[in-house]
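Dear colleague,

I am passing on the structure below, together with some notes on its charged side-chain contacts. Please read them alongside the coordinates.

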Amino acid sequence: ALELTAILKRFFEAVGTAVRPGDSTPELMAHVESAALEPAELGRLGALLAAWDRVKFARAASDVDEAHRAEAEVEGLVRRRSDGAGGAG
């Protein structure tokens with residue numbers, strides 16, 4: 001959860017989204033809403049971040065399959081934004 005959050009933040013910084021170190025999940029979501037993400041992408045991103053918050057801060061259980069799904073979701077978002085929407089290239 002920590003590493004995937006850091007990857008997303010670095011990606012959004014690289015494509016010019018105004019994320020800031022220490023942004024909370026609501027602050028991060030407010031910044032990425034301006035990144036021209038599709039509503040479905042925003043929904044998936046918000047769900048991922050909320051789940052990671054539960055893992056990081058409330059010590060919710062997580063398993064390997066869930067981690068693989070989250071990793072695939074992050075990779076898919078980065079690839080879609082880089083390939084199709086004028087992202088980081």
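E73 and R80 form a salt bridge in this predicted model, with their closest N and O atoms 3.8 Å apart; the term is used here for a side-chain nitrogen of Lys or Arg within 4 Å of a carboxyl oxygen of Asp or Glu. R80 also forms a salt bridge with E41, where the closest N and O atoms are 3.1 Å apart. This second pair links distant parts of the chain, since R80 lies in helix 4 (residues 64-84) and E41 in helix 3 (residues 39-57), 39 residues apart; helices are DSSP runs of H or I with at least four residues, numbered from the N terminus.

As to accessibility, E41 is buried at a relative accessible area of 5%, whereas R80 is partly exposed at 37% and E73 is partly exposed at 24%. Buried means under 20% relative accessible area, exposed over 50% and partly exposed in between, with a 1.4 Å probe and protein chains only. Together with R44, the residues E41, E73 and R80 are linked in a network of salt bridges.

The search of the whole structure finds five salt bridges.

Residues are numbered from 1 along each chain as its sequence is written, and side-chain values use heavy atoms, leaving out hydrogens and water. Local features need pLDDT of at least 70 and side-chain atom pairs count only at pLDDT 80 or more, while totals for chains, interfaces and linings use all residues.

Definitions and conventions:
Helix = DSSP H or I, 4+ residues; strand = E, 2+ residues; numbered from the N terminus.
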